[in-house]
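Please look through the following structure with this briefing beside you.

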Amino acid sequence: MFAGLDFGTSNCSIGIINNNNEPVLVPLEDGETRLSSCIFLEHGVIKPEVVSEYELSKRVRAEKASQSQRINSGDKSSNQRVLSDDELVNIVRKQLRKENRENAKTSQKSQSVMEALQSNSEVIFGKEAELAHISDPENGFYIKSPKSFLGANISEVQQAVFSTVVEKMLAFIKQETEYVKGIELEQVVIGRPVNFHGLQGDDGNVQALQIMNEAAKKVGFKEVEFLMEPVAAAYDYERQLRDDRVVLILDLGGGTTDCSMIKLGPSHVNLESRENCILSYSGKRLGGIDLDNKLALMTIMPHFGKHALLTNGLPVPITLFSQAVNINDVRAQQEFSSHRTGNELARFCMMTKDKRLERLKELRERKLGLRLNQSAEMAKIHLSAYDNIDLPLHFIEDSLFVPISRDELSAAISDELRQFELLINESLRQAGTRPDTIFVTGGTAISPVIQTWINSIFPDVEVVIGNHFGSVTSGLVTHAQRLFK
């Protein structure tokens, strides 16, 4: 059996072809088809027991019975939707894994992340990993967005760490899909950005693809192919077209932004090779996480002492605030967490009357960078519905609220929007033509600020907003069907 797998910077998803010959995404966590791209290696947990088939079956039956009872009783107080068998199995398996981890705790503690990865330590994935890290940052190793580092200039030790993380994440996704769907996956098409995050260019792309290919083979995929993510989104959009057209695919992901101009439609869909249909492609290592970081730097960090003056008349170095918010930059995080930075920050706090800088010191000492980034992301999401919000930062101070407006969001990410526009113009230049339609996908495209920006660039072109989190995966499944059927 084949699958399409989107190993994203922010989220991962996988899909297969169902009995109706349509792509369908598989639930991976809490019945949802998106798995946050992060892991947590909890200290003091030896390899727990495997999930009991008997206990799983018993609990699923109980959940189904409870759900049926609510429906038959006409319980209007419950807003819960009816869950499918696949979703129930996925939810109950997670519950049982968590219980088994609790029963397997010991006092042992790994000295390094690589030791934890190579030991019998249980790996926690997705939102559960985020919650574990937030509740107790000192209780394990947390790694977010491993895809961001695959093409970077990292040491051999770091490369070994991220290779192992990718392997464990792919293994979890494959095993969960096989169990929920009762299938065996042997072939996969994995999405890839035009350019991976990093400064190594083509060498970085080769490094990243090699890491992912080797990891996929190690977890049991016998055939592995890659497809550029904007092309995958194009193949998903093509399923609904009734006429031929030239389409600009704009994939605004969590870590990268990719563009592709491609000929789509009935005349092209059955071609053995689609290479001549792809008129251009361009990509940049810039995405939604970067927008969140920038929003945090520009609108939240002033409440943490950004622009504060020291007794010598100089401002607090901006690098401290930049390091604090750039959670997807491993070197920035290492520097911000270093003893040298801690000593420097303590000295600066004594050299200013601006007490807001104490918040930055607390942020560092309590390792709250992830929570701050999540708050910035939440602000971006809420500003999709409201012009102004008061962002609560209770994890810093009980009464701390940061007012942010949609206009401030636009101003904060204006440089990034200009970079997006340059990327689009490069794709148009390569293609030598204008698009008939613009198809937009990726979670970053949800924001009205982004949609207004797109309409300002192409006021006379039809803009189609796709499934923000499913178009690429569905397109990967479509391509996998052509390759492996």
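A residue is called buried when its relative accessible area is under 20%, exposed when that area is over 50%, and partly exposed in between, as found with a 1.4 Å probe on protein chains only. W453, with a relative accessible area of 9%, is therefore buried. The model is a predicted one, in which local features need pLDDT of at least 70 and side-chain atom pairs count only at pLDDT 80 or more, while totals for chains, interfaces and linings use all residues. Residues are numbered from 1 along each chain as its sequence is written, and side-chain values use heavy atoms, with hydrogens and water left out. Helices (H or I, at least four residues) and strands (E, at least two) are DSSP runs, numbered from the N terminus.

**An enclosed helix**

- Helix 4 (residues 126–135) is largely enclosed by the rest of the structure, because 7 of its 10 residues are buried.
- The buried residues of helix 4 are G126, E128, A129, E130, A132, H133 and I134.
- Among the elements that cover these buried residues, where contact means heavy atoms within 4.5 Å, are strand 5 (38–42), helix 2 (85–102), strand 6 (123–125) and helix 13 (369–382).

**Aromatic pairs**

- Rings of Phe, Tyr and Trp (for Trp, its six-membered ring) pair if their centres lie within 6.5 Å, and planes under 30 degrees apart count as stacked, over 60 as edge-to-face and the rest as tilted.
- By this rule the count comes to 4 aromatic pairs.
- In one of them, F149 and F162 are stacked, because their ring centres are 4.6 Å apart and their planes stand at 20 degrees.
- F149 lies in the loop between strand 7 (140–144) and helix 5 (156–181), while F162 lies in helix 5, so the pair ties together parts that are 13 residues apart in sequence.
- Both F149 and F162 are buried.
- The rings of F420 and W453 make a tilted pair, because their centres are 5.8 Å apart and their planes are at 55 degrees.
- This pair links distant parts of the chain, with F420 in helix 15 (residues 414–431) and W453 in helix 16 (residues 448–457), 33 residues apart.
- F420 has a relative accessible area of 1% and is therefore buried.

**Helix 9 and its two partners**

- Two packed helices are described by the angle between their axes and the distance between the axes.
- Axes are lines fitted to C-alpha atoms, for helices over the stretch in contact, and angles run from 0 to 180 degrees between N-to-C directions.
- Helix 8 (residues 288–300) and helix 9 (residues 318–325) have axes that come within 9 Å and cross at roughly 140 degrees.
- Helix 8 and helix 9 are therefore oblique to each other, given that angles under 35 degrees count as roughly parallel, over 145 as roughly antiparallel, 65 to 115 as roughly perpendicular and the rest as oblique.
- In this contact, N293, A296 and L297 of helix 8 meet I318, F321, S322 and V325 of helix 9.
- Helix 9 also packs with helix 12 (residues 357–365), at an angle of about 40 degrees and with the axes 11 Å apart.
- That angle makes helix 9 oblique to helix 12.
- L320, F321 and A324 of helix 9 make the contact with L357, L360 and L363 of helix 12.
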